[in-house]
Amino acid sequence: MPKALTLQELHNLAMNHVGKDLEARGFEFVAINSKLKKHPQFVCIDKNSQYFFVIVRAVLLPENPNNYDVVWMESFKKHAYDKDAKVLYAGVGLGNPKGEDLPVYLNEEYLIEYNGIQVIEMNLN
């Protein structure tokens, strides 16, 4: 019988996709935190030594992975601003190709919706 992925395993799968994207874009990892609800997931620097805090959010399709909690993001932007870091957001939608009411199973095909990394505007509201 297939094993459904836990929320933590779905989060780790999303982080793997985002981590590969960050690497391909030339970011260097300073710290990685894969625990659910612990932010940021990645602390990176670019070639100019600018720090970036990367938020990874995994959702089950059909939920839109590009949507995030705007109010929470304001408080996180303040934290990043205080640390002279910029904020990047990476939403990842995961689903079962056999139906949206089915879980994503370990070692089976899955759907992914990943539109890349969004730069979060750092103006504080």
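Asp-69 caps the N-terminal end of helix H2 (residues 70-82) in this predicted model, with a side-chain oxygen 3.1 Å from the backbone nitrogen of Val-71. Helices (H or I, at least four residues) and strands (E, at least two) are DSSP runs, numbered from the N terminus. Residues are numbered from 1 along each chain as its sequence is written, and side-chain values use heavy atoms, with hydrogens and water left out. The model being predicted, local features need pLDDT of at least 70 and side-chain atom pairs count only at pLDDT 80 or more, while totals for chains, interfaces and linings use all residues.

The 13 residues of H2 should span 18 Å at 1.5 Å a residue, and the end C-alpha atoms of H2 are 19 Å apart, which agrees; the expected span is 1.5 Å times one less than the number of residues. Met-73, Glu-74, Phe-76, Lys-77 and Ala-80 of H2 are buried, where buried means under 20% relative accessible area, exposed over 50%, and partly exposed in between (1.4 Å probe, protein chains only). An α-helix has 3.6 residues a turn, so residues three or four places apart point the same way. The cover over the buried residues of H2 includes S3, S4 and S6, with contact defined as heavy atoms within 4.5 Å. After H2 comes Asp-84, which has a positive phi near 60°.

H2 also forms part of a right-handed β-α-β unit with S3 and S4. A crossover is right-handed if, with the strands pointing away from the viewer, the path from the first strand over the helix to the second runs clockwise. Strand S4 (residues 85-95) is largely enclosed by the rest of the structure, because 10 of its 11 residues are buried.

Strands pair if DSSP finds at least two bridges between them. S4 pairs with strand S3 (residues 51-60) in the parallel sense over 10 bridges, and Phe-53 stands opposite Val-87 of S4. Val-87 also has Ile-120 as its bridge partner in S6; strand S6 (residues 118-120) runs antiparallel to S4, and 3 bridges join the two. The pairing of S4 with strand S5 (residues 111-114) is antiparallel too, over 4 bridges, with Gly-95 opposite Leu-111 in S5.

The largest nonpolar core has 19 residues, and those with the most contacts inside it are Val-18, Leu-22, Phe-42, Val-54 and Val-56. Such a core is a set of buried Ala, Val, Leu, Ile, Met, Phe, Trp, Tyr and Cys residues joined through side-chain atoms within 4.5 Å. Helix H1 (7-24), S2, S3 and S4 each supply at least two residues of this core, the largest share, 6 residues, coming from H1. Not counting residues up to four places away in sequence, Leu-22 touches Phe-27, Phe-29, Phe-42, Cys-44, Val-54 and Ile-117. A second, separate core of 11 residues includes Phe-53, Ile-55, Tyr-89 and Met-122.

Gln-41, in the loop between strand S1 (28-32) and S2, counts as buried because its relative accessibility is 1%. Its side chain reaches the backbone nitrogen of Val-56 at 2.7 Å and makes a polar contact of 3.2 Å with the side chain of His-39. A polar contact is a pair of N or O atoms within 3.5 Å; within protein, one must be able to donate a hydrogen and the other to accept it, and residues adjacent in sequence count only if both atoms are side-chain atoms. Ser-49, in the loop between strand S2 (42-45) and S3, counts as exposed at 52% relative accessibility.
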